[in-house]
Amino acid sequence: MNILLTGGLGFIGSHTAVVLASEGHSVVIVDNLCNSQQQTLGNLELITGKKLPFYEGDVRDVDLLKKILRDHQIECVIHFAGLKSVAESGADPLKYFDNNVSGSIVLIEAMQAEGVKKLIFSSSATVYGVPQYLPYDEEHPLAPMNVYGRTKLQVEEILQDLSKSDPDWSIVCLRYFNPIGAHESGLIGELPQGIPNNLMPYICQVVSGKLPHLNVFGDDYDTKDGTGERDYIHVMDLAEGHAAALAFTNHHQGWEAINLGTGFPYSVYDLISAFEKSAKQSIPKVVKERRSGDLPIYYAKADKAKNLLNWQGKRDLQSMCDSSWNYQDQLTRVPK
Ligand code: NAD
Ligand code: UFG
């Protein structure tokens, strides 16, 4: 199929591009490079051995989107383009509503105008909010605790209303849990700008000597070892989840929200231990206060993805850490 990836040079989009291209799909990418680098395109072409059409542009540019959809006879769009910092979303909410919500509306308008009615949307487990029960299933009440999460929920709701208004649409909102890891080549991975907010990229910068130690945000939660527990998922598994969702859109109409997680939570200390094994060095750490807005533990009920998409995460925590380390190690030696 001819697939457009918005935000396709970012962390999850780039890995998905590799999986889709290897399955024989024609992948086209639009990205405004606000959180990625054009060099990633060269690395994608190295990995896939294919030339991938790339447009440097913004999803809020309706004319550009229409032209891309038309020129490449796009059949399905996977919409990764978005801003994702929880802290920044609180400090600058309009930036987030404009980019994430308005950006999605413009994309949908362009798709509607060009008659492209298959869409896979990058949503997040953050739409669930404080767990009423665990694991979160897709029926869990939706009450995001931050602006970023509200932008994801608003887009999900817009898409649900759209599918009710026109049964030709096939829309899948994928609620990602905590993606980490990298492609086995070490050529693509997560490349945050500035000081990372998230655990894995922070660990990578400590191990590469850019940051002195890891801050462990709380060791007194009611969890197995007192640190926060999350459902980490290998980004290549996540990428394969998109290929499965793409196949699903071919025989599905309407709107579905589907969790992409493994169903198994790991603590901050679990992740540190596994990474220490990968990097063969110990990670200096300092226990700090809990981070405001953090939940003690959450993880996915992963049955719906298995039943509807015939997909489940299959790579373990060690493989996630090995691949993150491999990427970080290559990055340190050969700047990309
Ligand atoms: P990322 O920042 O690495 O990738 C997003 C890409 O979109 C970047 O390349 C950026 O330059 C581009 N972009 C942003 N706004 C754009 C715009 N207006 N027009 C064109 N391009 C634009 O992030 P990621 O981790 O790959 O996440 C992809 C999607 O998944 C995002 O929507 C994010 O909110 C969502 N998500 C991510 C996580 C996570 O932990 N990484 C978890 C849940 C959901
Ligand atoms: N943590 C630390 N030190 C750090 C960073 C994180 O101890 O330097 C801890 C956190 O307290 C938490 C765990 O590591 O217990 C995971 O934190 P992350 O920041 O890596 O991930 P979150 O679960 O907080 O949030 C992530 C994304 C959100 C997304 C959410 C959805 O950042 O955008 O997953 O699942 F919405």
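## The shell around ligand 1

Strand E5 gives the most to the shell around ligand 1, with three residues. Helices and strands here are DSSP runs, numbered from the N terminus (helices are H or I, at least four residues; strands are E, at least two). This is a predicted model, in which local features need pLDDT of at least 70, side-chain atom pairs count only at pLDDT 80 or more, and totals for chains, interfaces and linings use all residues. Residues are numbered from 1 along each chain as its sequence is written, chains are lettered from A and ligands numbered from 1 in the order in which they are written, and side-chain values use heavy atoms, with hydrogens and water left out.

Helix H1 (11-22), strand E5 (118-124) and helix H6 (147-165) each bring at least two residues to this shell. There are 28 residues around ligand 1, and Asp 31, Asn 35, Ser 36, Lys 84 and Tyr 148 come nearest; a residue is near a molecule if one of its heavy atoms lies within 4 Å of it. By class, the shell has 12 nonpolar, 11 polar and five charged residues. In this scheme Ala, Val, Leu, Ile, Met, Phe, Trp, Tyr, Cys and Pro are nonpolar, Asp, Glu, Lys and Arg are charged, and the others, Gly among them, are polar.

## How ligand 1 is held in view

Look next at the polar contacts (pairs of N or O atoms within 3.5 Å). The side chain of Lys 84 has an N or O atom 2.7 Å from an oxygen atom of ligand 1. Backbone atoms take part as well: a polar one of Phe 11 is 2.9 Å from an oxygen atom of the ligand, and a polar one of Asn 32 is 3.1 Å from a nitrogen atom of ligand 1. Taken alone, ligand 1 exposes 820 Å², and the protein buries 94% of that; such areas come from the Shrake-Rupley method with a 1.4 Å probe.

Now move to ligand 2, which has 23 residues around it; Asn 198, Asn 215, Arg 230, Arg 291 and Asp 294 come nearest. Helix H7 (199-207) and strand E8 (214-217) each supply at least two residues of the shell, and E8 gives the most, with four. The shell divides into 12 nonpolar, seven polar and four charged residues.

Which residue has a polar side-chain atom 2.6 Å from an oxygen atom of ligand 2? That residue is Asp 294. Arg 291 has a side-chain N or O atom 2.8 Å from an oxygen atom of the ligand, while for Leu 199 a polar backbone atom is 2.9 Å from an oxygen atom of ligand 2. The protein covers 90% of the 690 Å² of accessible area that ligand 2 has on its own.

## The second largest pocket

The second largest pocket holds about 230 Å³ of space. Of its 14 lining residues, Thr 262, Phe 264, Gly 313, Lys 314 and Arg 315 are the closest to its centre. A pocket is found on a 1 Å grid over the protein atoms alone, as an open set of points where a 1.4 Å probe fits, with protein on both sides within 12 Å along at least five of seven lines; lining residues have an atom within 4 Å of a point. Grid points are joined across faces, edges and corners, and the volume is the space filled by probe spheres set on the points.

Helix H10 (303-309) and helix H11 (317-333) each supply at least two lining residues. The lining comprises five nonpolar, four polar and five charged residues.

## Local details in the loops

Two loops are worth a visit. In the loop between E5 and H6 you will find Pro 135, and the peptide bond from Leu 134 to Pro 135 is cis, with omega near -5°. Leu 33 sits in the loop between strand E2 (26-31) and helix H2 (39-48), where Leu 33 has a positive phi of about 65° although it is not a glycine.

Key
Polar contact = N/O pair within 3.5 Å; in protein donor to acceptor, adjacent residues only side chain to side chain.
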